[in-house]
Amino acid sequence: MSTIPRRLVVAAAALTMLGSAAASAEAAPVKPKAVPYASVVPAPASATQASSTFTLASGARIAASGQAASVGDYLAGVLRPATGFALPVDKSFVAHAVDPIQLLIAPDASLGDEGYQLTVNAGSVVLTANKPAGLFEGVQTLRQLLPASIDANTTQPGPWTIQGGKITDHPRFAYRGAMLDVARHFFGVDTVKTYIDEIARYKVNTLHLHLTDDQGWRLQINSWPKLATYGGSTEVGGGAGGYYTQAQYKDIVAYAASRYITIIPEVDMPGHTNAALASYAELNCNGVAPPLYTGTDVGFSTLCVGKDVTYKFLDDVIGELAALTPGPYIHIGGDESKSTSDADYKTFVAKVQQIVANHGKTAIGWHDISKAALLPSTIGQYWDTTPTNASVQAAAKKGTHFILSPANLAYLDMKYTEQTPLGQDWAGLIEAKDAYSWDPGKYLTGVNSSQVNGVEGPLWTETIVRLADIQYMAFPRLAELAELGWSQAASHDWNTFKTRLAAQGPRWKAQGVNFYASPQVPWAK
Ligand code: TNX
């Protein structure tokens, strides 16, 4: 019922042109300067500009019925503040022909789950996709085709002109992620939601939350309540920390879902577990709870692999987490378990991935887990700084898939230059050009691009304490990584990309997003 035959879409577009051309002429006294299609990040698979222009008029309506309705509401919501227009969303099928902006579900297998087609004429903007997720990604493109002032949250003069033309787009990789470490420093629900909105603009579809580490446990677990109330009571530097109640976590998950972003919760183990070990003495091999930890060392903690209570604990925690998480994945960490023997580590990973499977989810782990025998479904996340790794190669031979986050290219907590006031440099410095200059499909030796699910930009927060810090480290680099994940390999070219990236500067300024104004990028004014 939500799909509309192609010929109706075309007819509706033609009629709309007549319907709103007069209105847009009235509303656009100034000669509009439209944004070139070549400035969209990530670059669309194909884009052809025409000489016509469309101008959004104050009385315009957005047609979006059936499955398209919620994306229509979202689009209206992001366009209202700067335009000051009412932009009612027309959810009836009959009236489509008179609405200048139309969001339509129309079957086209070539577009896949997240692809879309955007056609802009003098009188209409028609966005079609197979699925609502495709409409949502198309809306992000549409926003970038409007002047940068569209991103302000107060009314701006306009005119709201879009260059005519046609874009057909779909992603290269299905997985395009960001990770936020809420364990080293805790970030509240509003900060996470703001970050979700900012990453969604670049068609990032996954947010991995690093919920537990030595310094803090950040999610209420009803069966083991002290994890949050005691284990979450501090953070790096000794601050008050904090945790999400289950209701707050669900709120984050639902907010992300409304932006077509899947939340992947991580419980890091068997190392990086001091907060849990401090909360429950029985989880320690010696039965003694260590003190809470507020420093930044890694590799000193481990769950007790030989104790039965460890697996009762994990079954309870993963069970609650699985019930709260509609997405298919649970991240089990597995990195830097330097205090766990190799034999114990392998035993532990084998058991934990099975517990995750028992709760109906797929396990993801940092690539260290490829030392262990993996279930066919388990996914590795590569974080090291060299492209060749023997156990990764061996796991890949058996069919394991990987998400790529090489620390020297994709870690958002690495400094840009020696002068960057935040972040670390153990994996090197990552300037804007470095973040862009690699191909995720070809990076890992012995791993076919068909076994690469995509990319993720992790933001570890030992040195990051507020939203402005998150933004400064993520932008521009996360937008660059998002392009490597979305755009076809043939379109990757730093010299053209840096000009497109430059066009994002005024948008971040309009939104109030803090970013690193790299001297390598010719930022637009
Ligand atoms: C390594 S690489 C870590 C984190 C730190 C990060 C800091 C990996 C999976 N773990 O525990 O926060 O470096 O850059």
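## K131 and its partner

K131 is partly exposed, its relative accessible area being 38%. In this predicted model, the side chain of K131 joins that of D113 in a salt bridge, with 2.9 Å from N to O. K131 sits in the loop between β6 (125–129) and α3 (132–145), whereas D113 belongs to the loop between β4 (101–105) and β5 (116–120); the pair therefore ties together parts that are 18 residues apart in sequence.

## The E462–R184 contact

A salt bridge also forms between E462 and R184, whose closest N and O atoms are 3.5 Å apart. This pair links distant parts of the chain, 278 residues apart: E462 lies in the loop between β17 (452–459) and α13 (467–474), and R184 in the loop between β8 (175–181) and α4 (189–200).

Both partners fall below the 20% limit for burial. E462 counts as buried at 13% relative accessibility, and R184 is buried with a relative accessible area of 2%.

## A linked network

The residues E462 and R184 also take part in a network of salt bridges, in which they are linked with D181 and D213.

## R466, D469 and the overall count

R466 and D469 meet through their side chains in a further salt bridge, with an N to O distance of 3.9 Å. This distance lies within the 4 Å cut-off for a salt bridge. D469 is buried, with a relative accessible area of 8%.

For the model as a whole, the count comes to 19 salt bridges. Among them are the pairs K131 with D113, E462 with R184, and R466 with D469.

Notes
Residues are numbered from 1 along each chain as its sequence is written. This is a predicted model: local features need pLDDT of at least 70, side-chain atom pairs count only at pLDDT 80 or more; totals for chains, interfaces and linings use all residues. Side-chain values use heavy atoms; hydrogens and water are left out. Helices (H or I, at least four residues) and strands (E, at least two) are DSSP runs, numbered from the N terminus. Buried means under 20% relative accessible area, exposed over 50%, partly exposed in between (1.4 Å probe, protein chains only).
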